[in-house]
Amino acid sequence: MIKIDNVSFSYGNAKALQKVSLHENEPMIIGLWGRSGSGKTTLMKLLSGMEQPNQGTISVNGVSPYNNPEAMNHVTFMQEDHPFSDLWDVDDALRFGSYFNENWDQSFAEHLLDVFELPRKKKIRNFSKGMKSMIKITLGLASKAPVTIMDEPANGLDASMRKTFYDVLLDTYEDSPRLIMLSTHHIDEVEPLCEKIALINQHTITRYEDTEKLKRQGVLLTGPAEAVKSVIGTSIVLEERKIGKQLHVMIDDDYDESLITRTEATGIKIEKAPLQDYLVNLTKKGTMKA
Ligand SMILES: Nc1ncnc2c1ncn2[C@@H]1O[C@H](COP(=O)(O)OP(=O)(O)OP(=O)(O)O)[C@@H](O)[C@H]1O
């Protein structure tokens, strides 16, 4: 479905992506996580054919997306600052969606408008931030494109609408499995939806893993410094804090039975690091592993 090989891209002299590779052949929901400026939006633009790689190749459902009208049948990209015409209301946006997506599902689009309670005759330019996200979600999901890409789709949604979005996303994915890529800064919210997570750090994808595997990684240890150091061994330390004689660390290890048993035998405290904290530490400057 998507094949990115050794892709680099710069805006003039500003490097945005460097030697990025990622292959996925199965329909699934993928979370794309990275810190601000790491290259998420640029990667999505390249996948949707809005930009051309300076180096490397991209294929979406077997076609190169750049400057290729055929690719529009394969991929839909809802940008964070999606360019809606100032003149458009919701019906105009839906009509436009139906023209450009051969799998367009009008009744699903109408259903989503009802779910999100979007006014049909109000100009989109006058929508709130959350409402703009809702119309983008509607267009993205109703396109039923084999590869659907959404940049920060839940931006500006309140807690209730976020939940609604995640529910409709899972429902439509179950009905029509396809590859849906979501970028996010809030991994904890989207990880229950995502089969895999791609981690982008300093302009390249450093990990592309099953969510369940990634969720097992990152361990917090707290206890007397010497005992903690003995458990750390050769593991990579991602975070370290001294509190009096106590040492608190996050290590880049699997939170598994053998480590838990070994650690508990020394009397020090062991916990699973929250996924978001683990990813933040992995992508700190100077952390080489990711
Ligand atoms: N139009 C542009 N002109 C010049 N540089 C750009 C442009 N767009 C992005 N960049 C640069 O490319 C790099 C990657 O930006 P990109 O928008 O892809 O990151 P991002 O991960 O989506 O960031 P964020 O999470 O803040 O949206 C950054 O250094 C950014 O400053």
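Predicted model: local features only at pLDDT ≥ 70, side-chain atom pairs only at ≥ 80, totals over all residues.
## Overall build

The protein chain has 290 residues, and buried residues make up 37% of them. It holds ten helices and 13 strands. Along its principal axes, the C-alpha trace spans about 65 × 40 × 30 Å.

## Domains

An unreviewed entry places "domain: ABC transporter" at residues 2-227. Over residues 2-227, the chain is 32% helix and 31% strand. The end C-alpha atoms of this stretch are 47 Å apart.

## The nonpolar core

In soluble globular proteins, nonpolar side chains tend to be buried together. In this model, the largest nonpolar core has 71 residues. Leu47, Val75, Ile149 and Ala198 touch the most other members. Helix 4 (residues 129-142) provides the largest share of this core, with seven residues. The core draws on both assigned domains: at least three residues come from each of domain 1 (2-213) and domain 2 (217-282).

Which residues does Leu47 contact, leaving aside its neighbours within four places in sequence? They are Ile2, Ile58, Val60, Pro65, Val75 and Ile149. Two of these contacts, Val75 and Ile149, are named with Leu47 among the core members that touch the most others.

## Around the ligand

Which residues are around the ligand? They are Tyr11, Ala14, Ala16, Gly34, Ser36, Gly37, Ser38, Gly39, Lys40, Thr41 and Thr42. By type, the shell divides into three nonpolar, seven polar and one charged.

Strand 2 (14-24) and helix 1 (40-47) each supply at least two residues of this shell. Helix 1 gives the most, with three residues.

## Two residues with positive phi

Asn61 is not a glycine, yet it has a positive phi of about 50°. Asn61 is found in the loop between strand 4 (55-60) and strand 5 (75-78). Is Asn61 buried or partly exposed? Asn61 has 17 other C-beta atoms within 10 Å, so it counts as partly exposed.

His203 is not a glycine either, and its positive phi is about 75°. His203 lies in the loop between strand 8 (196-201) and strand 9 (204-210). Why does His203 count as buried? His203 is buried because it has 20 C-beta neighbours inside 10 Å, and the cut-off for a buried residue is 20 or more.

Tyr208 sits in strand 9. Tyr208 is partly exposed because 17 other C-beta atoms lie within 10 Å. That count falls between the cut-offs, 12 or fewer for exposed and 20 or more for buried.

Tyr208 touches Leu22, Lys196 and Ala198, not counting residues up to four places away in sequence. Tyr208 and Ala198 are ten residues apart in sequence. In space they are 4.3 Å apart, C-alpha to C-alpha. Ala198 is also one of the core members that touch the most others.

Methods:
Residues numbered from 1 in each chain as written. Core = buried A, V, L, I, M, F, W, Y, C linked by C-beta atoms within 7 Å. Helix = DSSP H or I, 4+ residues; strand = E, 2+ residues; numbered from the N terminus. Domains from an automatic or database assignment. Contact = placed C-beta atoms within 7 Å. Near = placed C-beta within 6 Å. Nonpolar A, V, L, I, M, F, W, Y, C, P; charged D, E, K, R; others polar. UniProt positions renumbered as here; feature names shortened; annotations may be inferred.
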